[in-house]
Structures are given as C-alpha cells and as structure tokens.
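I set out to record what I looked up in this structure, entry by entry. The notes begin with the terms and then turn to the sheet, the core and several loop residues.

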Amino acid sequence: MKRKLLLSIVLVLLLAFSASAKIHSEVIPLERNGIKLHLKCITSEDNASPLLLVHGLTYSSHEFDVNVKDYSLARYFAKNGFSVYLLDIAGYGLSQEVKDGFMPNSDYAAEDIAAAAKVILEKSGRKSLDVLGWSWGTVTSGRFAAKYPELVHRLVLYAPIVAGLADVEVKDAFNHNTWIHAAGDFQTNKDGSINYKITEPAVVNAFQSNCWRYDKDSSPNGGRRDLLVAPDKRLIPTAKLTMPVLLIAGSKDEYVSPELCNEAFKTLPNNHSRIVIVEGAAHAMMMEKPYYKTFRESVLEFLKAN
C-alpha cells in the first residue's frame with residue numbers, strides 16, 4: 001500500500017513538473033541579401049529537435065502562435081520536444097521592409113528559409129531539421145527542400161498550394177491589408193459571417209489583432225503573383241522532395257483540392273511520405289475548434305515517426 005502511495009505521489013509530481021515546464025523564447029540574429037530577417041525560437045527544453053515553421057501569404061509567422069487557450073501551434077510543438085523557429089520572410093512582419101514588393105517571391109523566400117535553416121542547424125549542432133509550411137509556405141518551403149534536401153529531415157506541407165489558383169495579373173507590388181481580409185481564411189455561415197462554432201471568437205480576435213500589429217496595412221505581393229497563375233501550372237516540385245513528406249489539408253479548404261493533393265502525393269519519391277485529408281476542416285484548421293487537435297496530432301505523429 002505504501003509503495004503504491006509513493007508511486008502515485010511521484011507520478012503526480014512528474015505530471016506537475018511537466019505541466020509547469022516554462023516556454024521561453026529568443027530572437028536569433030539573421031541577415032540575408034542586406035535585409036535583416038526576424039527569426040524567433042520558442043522552446044521549453046535545451047537541445048530539442050529543431051522545427052522551422054514557414055508562414056503563408058500576406059501575414060507573417062505570428063499566425064503559428066495565437067496564444068489563446070492551447071491553440072498556439074508553436075507552443076504545442078515546444079511542449080512536445082521541439083525547439084520551434086518562426087521566420088518572417090523579407091518584407092513581412094518584423095523583418096526589414098523591402099522597397100520592391102515583387103522581390104520576395106517564392107524562389108526568393110526559399111533562400112530566406114535556407115539562410116534561417118543554416119543558422120538553426122549551426123546553433124543546434126544538428127545536420128538536418130524538420131520544416132512545416134502553411135499555404136504559400138508550402139510553395140516556398142517545398143522549393144527550399146527540393147534545392148537543399150540535405151538540410152531537411154521531414155517536411156510538412158499544410159494546405160499545399162499544388163497548382164496555380166487563377167490566371168490573374170497582379171499589378172500592385174504590395175497588397176492592401178484590411179481587418180476583414182485578415183479573417184478571410186475562417187469558415188463562414190451562409191450569410192457570410194464567421195462561423196464561431198468552428199473558430200472561437202477569442203481566436204479570431206487574437207489572430208486579427210496580431211495581423212494588424214505585426215503586418216499592418218501592407219505586405220509584399222511577389223508570392224501572390226506566383227500563386228495567381230493558370231491552374232495547370234504546378235507550384236511545388238514534389239517529385240524532387242526526397243525526404244519523407246506529409247501532405248495535410250482540410251476537405252473544405254477553398255484553396256486546396258484533395259484531388260490535386262492525391263495527385264501530388266503519387267509523385268513523392270520517399271515511401272515514408274503520407275497524406276491526410278481532414279474531413280470538414282478548412283484552410284485555418286490549426287485554429288478550428290473541431291479540427292485543431294486532429295491536425296496537430298497528425299503532424300506530431302509524422303514528425304516523431306522513425
């Protein structure tokens with residue numbers, strides 16, 4: 001009886017210690033092409049496996065750290081054995097502004113990612129790191145991984161933009177950001193209002209506020225010009241991705257076709273690659289109440305696989 005009581009006390013203490021593990025962050029100095037880039041590390045332990053999160057179009061890396069309840073994707077991975085790195089591409093968020101909004105296109109961003117990856121690996125002493133890209137970030141991180149496969153352990157393409165979204169000419173070098181536009185990836189009701197059964201109001205408000213705080217009213221349009229091309233143009237070089245790749249998307253994502261995801265999956269050369277389509281989820285499923293846990297658990301299982 002005493003032994004069982006002692007074991008119970010030890011277990012409670014261990015769980016309490018685990019729950020109280022503090023998240024800490026630091027900004028890593030990084031510059032490329034004469035432009036200072038914002039690279040932030042969020043972690044709860046020393047020598048954890050490095051994971052680089054690559055943001056999408058218009059808004060910067062804060063989208064991975066919506067710190068409401070347990071919705072922050074960055075903090076989730078930090079509590080599960082990763083040193084999580086958030087990078088703002090040139091001209092985005094807290095990175096230095098650019099004069100030409102068309103300059104940071106997908107190929108340019110891929111080199112920003114490469115610069116960050118090299119700094120991260122030097123800091124961590126690892127030979128390779130895991131990478132997760134969201135939306136436009138699947139195009140940029142996919143091109144980075146195809147060019148520098150030796151730097152990538154596993155790659156997650158979340159809401160992959162496999163092909164062009166529409167053949168539209170982008171004339172303005174910078175996008176005009178608005179409060180309403182910042183909520184454009186959340187699922188809506190028939191009347192166009194945000195469906196708060198899918199995404200909690202506090203999460204929507206935090207995300208919009210961060211967009212206004214970090215990205216303000218303007219962001220580069222080089223990536224938008226890359227995406228708004230004919231649907232028959234493939235944007236991610238999946239056949240050149242030799243590392244294990246996870247393609248994960250929601251069935252209701254307006255920008256992602258499950259059929260195109262399956263088509264892309266068949267071109268992946270590594271047999272340890274996977275594809276997951278989350279039924280009912282959409283573009284921002286990492287913040288959607290019915291789906292965010294399924295999403296992150298699927299990603300974590302993939303990253304932890306042998």
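I took two strands to pair if DSSP finds at least two bridges between them. Helices (H or I, at least four residues) and strands (E, at least two) are DSSP runs, numbered from the N terminus. The model is a predicted one, in which local features need pLDDT of at least 70 and side-chain atom pairs count only at pLDDT 80 or more, while totals for chains, interfaces and linings use all residues. Residues are numbered from 1 along each chain as its sequence is written, and side-chain values use heavy atoms, with hydrogens and water left out.

**Entry: the sheet**

I looked up the pairing of β11 (residues 245-250) with β12 and found it parallel, over five bridges. Within that pairing, Leu 247 has Ile 275 of β12 as its bridge partner. I then traced the whole sheet: eight strands, open, in the order β1-β4-β6-β5-β7-β8-β11-β12, with mixed pairing. At its edges are β1 (24-28) and β12 (274-278), each of which pairs on one side only. From one strand to the next the twist averages 20 degrees.

Contact means heavy atoms within 4.5 Å.

**Entry: the core**

Which residues of the largest nonpolar core touch the most other members? I found Leu 52, Phe 77, Phe 144, Tyr 158 and Leu 241, in a core of 98 residues. Helix α3 (residues 106-124) supplies the largest share of this core, 10 residues. A nonpolar core is a set of buried Ala, Val, Leu, Ile, Met, Phe, Trp, Tyr and Cys residues joined through side-chain atoms within 4.5 Å. Buried means under 20% relative accessible area, exposed over 50%, and partly exposed in between (1.4 Å probe, protein chains only).

I listed the contacts of Tyr 158 beyond four places in sequence; among them are Leu 132, Trp 134, Ile 248, His 283, Met 285 and Phe 295.

**Entry: positive phi**

Most residues other than glycine have a negative phi. I noted Ala 159, whose phi is positive, near 60 degrees. Ala 159 lies in the loop between β8 (152-158) and β9 and is buried, at 1% relative accessible area. Thr 58 also has a positive phi, of about 80 degrees. Thr 58 sits in the loop between β5 and α2 and counts as buried at 1% relative accessibility.

**Entry: other loop residues**

Is His 62 buried or exposed? His 62, in the loop between β5 (49-54) and α2 (73-78), is buried, with a relative accessible area of 8%. Beyond four places in sequence, His 62 touches Phe 207, Asn 210, Cys 211, Tyr 214 and Asp 215.

In the loop between β9 and α5 I looked up Asn 195, which is buried at 16% relative accessible area. Excluding neighbours within four places, Asn 195 is in contact with Gln 187, Thr 188 and Asn 189. Gly 184 lies in the loop between β9 (174-176) and α5 (201-215) and is partly exposed, at 48%. I recorded 27 Å between the C-alpha atoms of Gly 184 and Val 245, which are 61 residues apart along the chain.

Notes: Axes fitted to C-alpha atoms, helices over the stretch in contact; angles between N-to-C directions.
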